[in-house]
Amino acid sequence: MSRANGTPYAPHTDEETAAMLAAIGVDDEEALFDIPEAVAFDGDFGIEPRTERGIRDECTRILNRNDDLTEFLGRGHYGHYVPSVVDHLADRAEFLTSYTQYQPEVSQGFLQALFEYQSMLVELTGLDVANCSMYDAATALGEAATLADRVRATSGDTVLVPEQLREGKRAVLENYCAGADLSVETYPMADGTADVDRLADRAGDDVVMLYAESPTVRGCVEERLAAIGEVADDTDALFALGSDVVALSVLESPSEVGADVVVGEAGALGLPTSYGMGLGIFACRDEFLRQVPGRLVGASEDANGDRAYTLTLQTREQHIRKERATSNICTNQAWVALRAAIHAATLGPDGLVDLANDCVREAEALAARIDDRSGAAAPVHDRHHFREFAVRVDQPAPAVAEDLEAEGFAVHAIGDHLLQVCVTDLNAGRTDGLVAAFEGVL
Amino acid sequence: MIHDQANYEREGEDVREPLLSEKGQETVDVRGDSPLPDELTREELTLPNPSEPETARHYTRLSQMNWAIDSGPYPLGSCTMKYNPKFTEDVAADPNAAVHPDRSARSAQGILELQYRLQEVLSEIGGMDAVTLQPPAGAAGELTGILVAKAYHEHHGNDRSEVVIPASAHGTNFATAATAGYDVVELPSGEDGRVDLEALEAAVGDDTAALMLTNPNTVGLFERDITEIAEIVHDAGGLLYYDGANLNALLGRGRPGDMGFDVMHYNVHKTFATPHGGGGPGAGPVGVVDELAPFLPTPRVREAAEGAGYERFEPDHTIGKVHGFAGNWLVLIKAYAYIARLGNEGLSDAAAKAVLNANYLAERLDLDVPFGPFHHEFAATAGDRDAADVAKRMLDFGVHPPTTKWPEMVPEAMLTEPTEIEGRSSLDDLAEAFNLAYADSDEALDSAPTRTAAARIDQVGAARDPRLSWQALDEE
């Protein structure tokens, strides 16, 4: 048996290839291609094939050019310790190498796992419906805006967002809004959370969606969510609440503060920091069920009367409804949702609540220690914080961040004299070093 | 020979594997130990609390009820389920790959270099001038490409309102154009299954922002008139968008950029063998010609001035962002490793074997294939049988069936794409499963599948009475 120099992932021997060509009735593979000469390509991409071993060495060598830093970074992307059991179960090839569950009879395992993920999000949000994922928090927010545009009978076209919002998230929202002829405007904040009085003044008939976050991009716990919900209600705007899967386990239930939609990030469970790869939450009230973007798993019965799971309400989706679909999303983050569910199951409610409480306590403790340094004040906002907080420094913030980096610590510079620091179970053991570095550079 | 598919004992009337919630939930008092004041917290939280051994058994059991490419043939047409080389997982698992996206460029040189290298090889493979890695999936890549086209037209003072899409295109194309705010003009397929040039002439005009085209198209046919198509669209002032779903068929033999396409997306799982993970994560990099590069999402990565490594930069007229951060980076690394493993000859050979396999399989089928010559996939017709029923019966014969009832130009379509990874004996098995199912009795088709983890599932009931969580089941 011999195989020509080709892809190592095709099983054909030369003899088999010849027999197959004979069965088809052509002399060689090229005869099967119907590409006019004028647009044909000679096949030379200039890419030399390498061995497995060689590529692993190459990538390790390149990636090693990253500096070895202890990251105190957050602002929408977080790393918590991911238990080994998550990798070992999610990496099972039956999960990892499967496709979307178009034949549910042979996809019951993944469907059930996604059904369970949806159920966990229903518990965490208090809303009736959660889909089985969006790409990330930013695209989920964009989808919420287009949903608001479809369901709200108001003549308005404004989406109101907090003035302190991650720039990238706002940029993604703008792209979804532009296609729906919506415009994004901001409402003011006071000391890190929504200025509800001025928000109420701004609200009006033109607003189709009011968006608030808790925790905010600076880690502040929003204190007047119910009041924000009332502002939305009074003007018939959709109230979309942005949050985080860990924070949701302890913060006020979104359903109780009047949220119509919850978007946010669930990748803090199940995923390590991964250069921004995420898991978008999308949950909403029952009345919007038929306007939900993305895939939904439902329980049904099979021909034997046993419970079985299937993708459902697919007439919302692009492969059926085409340009009238609720979204263009097809591939989502299903495997990341599986990871988050396994992580949540491993923690249990006790472990999840403990993790969330630590996010509050560690942030408070670290802020106090940084505040003790001369030349730094933290937290900047007189609020409760979750994982992260802003720090005011006397010296220019970018220079301080650069100096801290030279000491082996990464923090955010978010303004001329503002830093932001994020602490989780992963870096909590390195806070002594960070505090000492602050002492040294200030 | 028939593959035996995992068969599971039924436990009387019970469900096969209980939900986590049915195995035991716990309600914890959130306020008791909270550092936050009561008015900012919820009262309690109720979630499953399995032990780690129970968790391991639960998910292992679930995995055993799930077909995967490592289980056997998975010939879903247009989905391109190919083997995912294991070593790419190890490459992506490097802790240095998993850093925070807000790191300074200075401290993330390893990632920036790998991003740059991937941009470069993708540009080469597509015949494009510039690439963004940010879109987190193919459909997100489509939206990115169409937003770039829109920004380009607006920058040049052209207000164009329509995107032209062949009727046979993927549903995402239509939904993408609508999401970007365009009206969709659907182009009927010609009698030979390809774009009809006269119909195209009639469809394009001053309002045309772009034509979105899949080539080879969704029944595997190469658009032979691609040069004329490009001329017609460009003469009308429109741009030509390449849907990369079927790029696997062209590798090494044709590049979208050489055919006159201005903008394209790559589906990394379909072409570069990244795992699909039961629905995602994917990645949908977008390539463009020079004229469109200034509109790409921010940031992109380039070589810095001499010896200074790599840097992020904002394209001059960027559309902004399409993902909160840098997209699905851990997926993109796997694509890089795959491309490096195959190189020129391997990539070309992947296309050759994919097309060989599709043609060989079609040759062995008793079903008619109305359109040809096809490349990597073909739409067989189940004729007077119901394609969905034939597909369910195929499950009993130990293979995953093809995509059914789509595209609509083939009645009772069974859109089949074996990819390059199946060998002759595997294709013979697949053909036998097709033929047995196709020839089976009405009764057998109606009651199929019988050997799977679940029997035929009631889809209508699932949609009529949506139960989307264990809480909804508890309410019954």
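Okay, one definition before we start: when I say helix or strand, I mean a DSSP run, at least four residues of H or I for a helix and at least two of E for a strand. And keep in mind that what we're looking at is a predicted model.

UniProt, in an unreviewed entry, lists "domain: Aminotransferase class V" for residues 147–277 of chain B. In the model, that stretch is 31% helix and 19% strand. Its end C-alpha atoms sit 28 Å apart.

Now zoom out to chain B as a whole. We count 15 helices and 14 strands there. The radius of gyration comes out at 25 Å, close to the 23 Å from the globule rule for 476 residues, so chain B is as compact as a globular protein of that length.

How is chain B divided up? The assignment gives domain 1, residues 87–341, and domain 2, residues 349–462. Their C-alpha centres are 30 Å apart. Where they touch, domain 1 of chain B puts in 17 residues and domain 2 of chain B puts in 15. On the domain 1 side of that contact, we have eight nonpolar, eight polar and one charged residue.

Let's stop at one residue, Ala169(B). You'll find it in the loop between strand 4 (162–166) and helix 6 (171–179) of chain B. Is Ala169(B) buried or exposed? It has 24 C-beta neighbours inside 10 Å, and the cut-off for buried is 20 or more, so Ala169(B) is buried. Setting aside neighbours within four places in sequence, Ala169(B) contacts Met212(B), Thr214(B), Thr218(B) and Asp243(B). Ile319(B), on the other hand, is 150 residues away along the chain, with 25 Å between the two C-alpha atoms.

Over to chain A. Here the division is into domain 1 (14–59), domain 2 (70–81 + 348–441) and domain 3 (84–341). The C-alpha centres of domains 2 and 3 of chain A are 28 Å apart. Between those two, 25 residues of domain 2 contact 22 residues of domain 3. On the domain 2 side, helix 11 of chain A brings the largest share, seven residues. By class, that domain 2 side splits into 10 nonpolar, nine polar and six charged.

Helix 11 comes back when we put the chains together. In total, 159 residues of chain A are in contact with 163 residues of chain B. Which element gives the largest share of chain A's side? That's helix 11 (residues 334–371) of chain A, with 16 residues. The side of chain A that touches chain B has 75 nonpolar, 50 polar and 34 charged residues.

Last stop, the core. In soluble globular proteins, nonpolar side chains tend to be buried together. Here, the largest nonpolar core has 318 residues. Those with the most contacts inside it are Ala145(A), Met209(A), Leu210(A), Ala283(A) and Tyr241(B). Helix 10 of chain B, residues 329–364, gives the most to this core, with 23 residues. As for Leu210(A), its contacts beyond four places in sequence include Leu160(A), Ile228(A), Val231(A) and Phe239(A).

That's the tour, thanks!

Methods
Residues numbered from 1 in each chain as written. Chains lettered and ligands numbered in written order. Predicted model: local features only at pLDDT ≥ 70, side-chain atom pairs only at ≥ 80, totals over all residues. Domains from an automatic or database assignment. Contact = placed C-beta atoms within 7 Å. Nonpolar A, V, L, I, M, F, W, Y, C, P; charged D, E, K, R; others polar. Core = buried A, V, L, I, M, F, W, Y, C linked by C-beta atoms within 7 Å. Buried ≥ 20, exposed ≤ 12 C-beta atoms within 10 Å, placed from the backbone. Rg over C-alpha atoms; globule rule 2.2 N^0.38 Å. UniProt positions renumbered as here; feature names shortened; annotations may be inferred.
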